[in-house]
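Open the model in your viewer and keep the sequence panel beside it. This tour goes from the whole chain to a few charged pairs.

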Amino acid sequence: MSEFRVAAAGDSALLVELTPRIDPITNGRVLALARAIRERHGSLVRDLVAGYCSLTVYFDPLAASRDDVIGWLMRPVQRRSTTEAQRTIEVPVVYGGEWGPDLAEVARLAGCDEREAV
């Protein structure tokens, strides 16, 4: 992996920041890194929190040092596939009615009709 920086995020976490760019390739790199760390060092990792262009690695400080974790991050990560990082996830949403009783009020405050608010 290139173009990233590592910063301390407390005494048992590191924040890995990739190029601040919102695109599927950058996010794919984050997800590939998270997957590689989980697969290789899962018992030493407490949690992995992926952002669009960052990854926070929470580790067990009694089992791994900060330098150990930085070493994990320096290993190259092989992406499994480019399509995996670029897949589309559709999330169904419902506006108004029982699940959004405040839609009329939001539209009124925004000075538009409900359709425009959605």
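What percentage of the 118 residues of the chain count as buried? The figure is 31%. Keep in mind that this is a predicted model.

**Whole chain.** Colour by secondary structure. Follow them along the sequence: the pattern reads β-β-α-β-β-α-α-α-α. Now show the surface. Its accessible area is about 7,900 Å², and carbon and sulfur atoms hold 52% of that. Among contacts with a separation of 6 or more, 50% join residues 24 or more positions apart.

**Charged pairs.** Side chains of opposite charge can pair when their charged atoms come close. How many salt bridges does a search of the whole structure find? It finds four.

**Stop one.** Select Arg21 and Asp23. They form a salt bridge, with the closest N and O atoms 4.0 Å apart. Arg21 is partly exposed at 39% relative accessibility. Asp23 is buried, at 17%.

**Stop two.** Select Asp60 and Arg46. Their closest N and O atoms lie 3.6 Å apart in a salt bridge. This pair links distant parts of the chain, 14 residues apart. Asp60 sits in the loop between strand S4 (54-59) and helix H2 (66-74), while Arg46 belongs to strand S3 (residues 45-50). Asp60 is partly exposed at 21%, and Arg46 is exposed at 55%.

**Stop three.** Select Glu105 and Arg108. Here the closest N and O atoms of the salt bridge are 2.7 Å apart. Both residues are in helix H4 (residues 103-110); they are three residues apart, so about one helical turn separates them. Glu105 is partly exposed at 37% relative accessibility. Arg108 is exposed, at 54%.

Notes
Residues are numbered from 1 along each chain as its sequence is written. This is a predicted model: local features need pLDDT of at least 70, side-chain atom pairs count only at pLDDT 80 or more; totals for chains, interfaces and linings use all residues. Side-chain values use heavy atoms; hydrogens and water are left out. Helices (H or I, at least four residues) and strands (E, at least two) are DSSP runs, numbered from the N terminus. Buried means under 20% relative accessible area, exposed over 50%, partly exposed in between (1.4 Å probe, protein chains only). Contact means heavy atoms within 4.5 Å. Accessible areas come from the Shrake-Rupley method with a 1.4 Å probe; for residues, only the protein chains shown count as cover. A salt bridge is a side-chain nitrogen of Lys or Arg within 4 Å of a carboxyl oxygen of Asp or Glu.
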